[in-house]
Amino acid sequence: QKFFFEILRHLHQPIALEEYRPYTERWITEPSKYANYTEVNEFLQSYEQGLLRKGQIFTIYNYWYAKQTLQLYRFFDNAIDWDTYYKNVIWARQNINEGMFLSALTLSVLHRPDLQGIILPAIYEIYPHYFFDGDVFHDAANRRAIDPNYGFHTNKRYNLALSNYTSSFATQFYGEGSLSYFTEDVGLNSYYYYFMMDYAPFLGGDKLGLKNDRRGELYLFMHQQLLARYYLERSSNGLGPIQELTWESPIATGYYSMLRYWNGVPFRSRESNFLWRPYDPIKLSGLKAYEERVRQAIDLGYVVTRDGQRISLRQPEAIDIVGNLVSGTVDSVNVDYYKMIETTARMILAQGDYYGSASEVWPGVLMHYETSMRDPVFYQFYQRLLSFYWDFKSYLPPYTRDELKFEGVEIKGVSVEKLVTYMEPFDVDISNGLGFNYGAEQSTWNFSVYARKQRLNHKPFSYVLNISSQFAGKGVVRMYMGPKMYHLSQLQYMKKFFVEMDQYTVDLVVGDNPIKRNTREFYYDIRDRTTYNELYKRIMKAYNGEEQFVLDMSEVHCGWPDRLLLPKGHPNGFPLSFFFIVTPFYPPKMTQFSNFDATYTCGTGSGSKYIDALPFGFPFDREINFSSFATTNMLFSDVLVYHVDGNQTNESH
């Protein structure tokens, strides 16, 4: 644990710690130290031919860089013991491009069975340049040049660089910038980054078992939920629906991120009313053809595999196949024919070239997992992509009354505490993004500069669900949040905008079952990560035998930020609907948590992450037959979200 924290410190500078320097010159060459030396040799050959150089801009959405990252990941992954792994990581840290090294190391820590439980510092503290505007680092670097003690105060409050949202420049179009507190939230962007790293498109197959997690279905559902949550935030700010993205007309919403890479180059921007460049029609016609192939497969009801076989798309489980087709993962049944729609589209939207070399690649925010969600066009594109999801679902029959109801179970009512949101200051340690003079006497760990942003939060709240049951046994409760429903018939359109907030099992007894639940218990949510500095100090105390280093769930990387549970709301209340449904327990293929420890790992690839076997998004994932939809085991409840000034929140905090 100590090693990972030290090796990722100041990534863009040479290794400073003496104990690691002897291993920076060469990797472990002995073939017997590797599980698969052929894969290792592939990486070494690429290295001899020349990888992306240190200091150059890395993006995972470039074919060559992704290929090199995969080879480096396999180089790490094939090490059969800690000693080999450790020495190779040190060598790579010194000799490989920083962005590529970070990606491969992160993938390795997330997916190697013997590293489960290792915590990496939060991505926004390793690479703060992807989360804070360039002017913050510029100001901080200037202050360092003038004040040698800048950053070395025992009282950390002195080292505060205030960071504004970029809304004044970034999106001067139809008020899109008013959402910057949400789209630029470090927790939200980290959530997306870790999801995409857990299920990186070029990883999969039998070894990692990502397909055990209903990978394709999860990919589509996760993006559908992001869009629904974004839609609620837009509504809360008085903005209309997400704009449609078409390949024929200009993109109305421009985007200037104000971010700068470590080397000072700004992220590529896009002007408003962006016109496709002259040579893009060739790529665009390719992309349209890929989209058409997937659309035809859904309409015809089957996909064609690499060896020409047909697989039906008329079963509910086939959503998994569609998700893998659309994302172009290695688990796709035929990536040669259906191609990689998501990757191709991102390159075109970012005005890049998928096969470009280092001198030709100038990435925009869509070409990094960490920054994609800042750009309004991200949501416009995924809305287009999700048309495949809804097309597929439209061919499935609506749920019948028997599939929806829970015999003998009725939700009598629910009482929800007042919902209150507020803005609060949040400080992030950005010192990793500033140069450090190792010649000085002070330690790199005493050096802290914090960037402060205002961010959205909510007061914790509880609700009590009153369930009456005529049988004793296990049920599953799902809770959703969506637009206020004035009439049930609106649900046919509005079902797309319902966000699943919570899911849990209940043991029902005969009679009344009052179920109290607090936001602190919500299934999908995680609280703030402990800072890099604080964790390192705890590690060193444990290392020196002064205290135990205890792992807990709060450091797990794969959860929705608890703070963003509710949209911002209005001072006089923003109307929403909560929806509750209790269903019988349908056991999943593998019992939840049966083969991983959820206190310190996310169980990616375990196949045992889920509570039950129902489709994600049930019962909103299919067309609705209103004559059979409303059953006694479901309930809509109108709520209001109040937004208050920060000063008014203290009484309950």
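1. Let's begin at Phe 616, which is buried, with a relative accessible area of 10%. Keep in mind as you look around that this is a predicted model. Phe 616 sits in the loop that runs between strand E13 (574-584) and helix H22 (626-629). Which residues does Phe 616 touch, leaving out those up to four places away in sequence? The list is Arg 214, Glu 217, Leu 218, Phe 221, Tyr 389, Tyr 610 and Asp 621.

2. Along the sequence, Phe 616 and Arg 214 are 402 residues apart, yet their C-alpha atoms are 9.7 Å apart in space. Arg 214 belongs to the loop between helix H11 (205-208) and H12. Its relative accessible area is 18%, and the cut-off for buried is under 20%, so Arg 214 counts as buried. The backbone is worth checking here too: phi of Arg 214 is near 55°, a positive value in a residue other than glycine.

3. While you are in the loop between E13 and H22, find Pro 619.

4. Lys 339 is in the loop between helix H15 (335-338) and H16. Is Lys 339 buried or partly exposed? At 30% relative accessibility, Lys 339 is partly exposed.

5. Now for helix H18 (residues 387-394), where Phe 388, Tyr 389, Trp 390, Phe 392 and Lys 393 are buried. What do the buried residues of H18 pack against? Their partners are helix H12 (215-236), helix H13 (280-300), helix H14 (319-327), helix H16 (341-349) and helix H17 (376-385).

6. Within H18, zoom in on Phe 388. Phe 388 has a relative accessible area of 0%, so it is buried. Setting aside neighbours within four places in sequence, Phe 388 is in contact with Glu 291, Val 294, Arg 295, Ile 298, Val 326 and Ile 341. Val 322 is 66 residues from Phe 388 along the chain, and the two C-alpha atoms are separated by 7.8 Å.

7. Next, a helix pair: helix H2 (residues 37-49) and helix H3 (residues 63-77) pack with their axes 8 Å apart and at an angle of about 130°. That angle makes H2 and H3 oblique to each other, and their crossing is left-handed. From H2, the residues Glu 39, Val 40, Glu 42, Phe 43, Leu 44 and Ser 46 meet Gln 71, Leu 72, Arg 74 and Phe 75 of H3. Sorted by class, this contact has five nonpolar, two polar and three charged residues.

8. On to charges. How many salt bridges does a search of the whole structure find? There are 30. One of them joins Arg 455 and Glu 424, at 3.0 Å from N to O. Arg 455 lies in strand E6 (residues 450-458) and Glu 424 in strand E5 (residues 419-429), so this pair ties together parts that are 31 residues apart in sequence. Arg 455 is buried at 6% relative accessibility, and Glu 424 is buried at 15%.

9. Arg 112 pairs with Asp 114, with the closest N and O atoms 2.8 Å apart. Arg 112 is buried, at 6%, whereas Asp 114 is exposed, at 52%. Lys 405 and Glu 407 also meet in a salt bridge, 3.1 Å from N to O. Here Lys 405 is partly exposed, at 29%, and Glu 407 is exposed, at 59%. There is a network as well, with salt bridges linking Lys 2, Glu 6 and Glu 19.

10. Finally, step back to the whole chain. Its secondary structure comes to 22 helices and 14 strands. Of the 653 residues, 59% are buried. Taking contacts between residues at least 6 apart in sequence, 80% join residues at least 24 apart.

Methods:
Residues numbered from 1 in each chain as written. Predicted model: local features only at pLDDT ≥ 70, side-chain atom pairs only at ≥ 80, totals over all residues. Heavy atoms only, no water. Salt bridge = Lys/Arg side-chain N within 4 Å of Asp/Glu carboxyl O. Buried < 20%, exposed > 50% of the residue type's maximum accessible area, 1.4 Å probe, protein only. Helix = DSSP H or I, 4+ residues; strand = E, 2+ residues; numbered from the N terminus. Axes fitted to C-alpha atoms, helices over the stretch in contact; angles between N-to-C directions. Parallel < 35°, antiparallel > 145°, perpendicular 65-115°, else oblique. Left-handed = near helix turned anticlockwise from the far one by under 90°. Contact = heavy atoms within 4.5 Å. Nonpolar A, V, L, I, M, F, W, Y, C, P; charged D, E, K, R; others polar.
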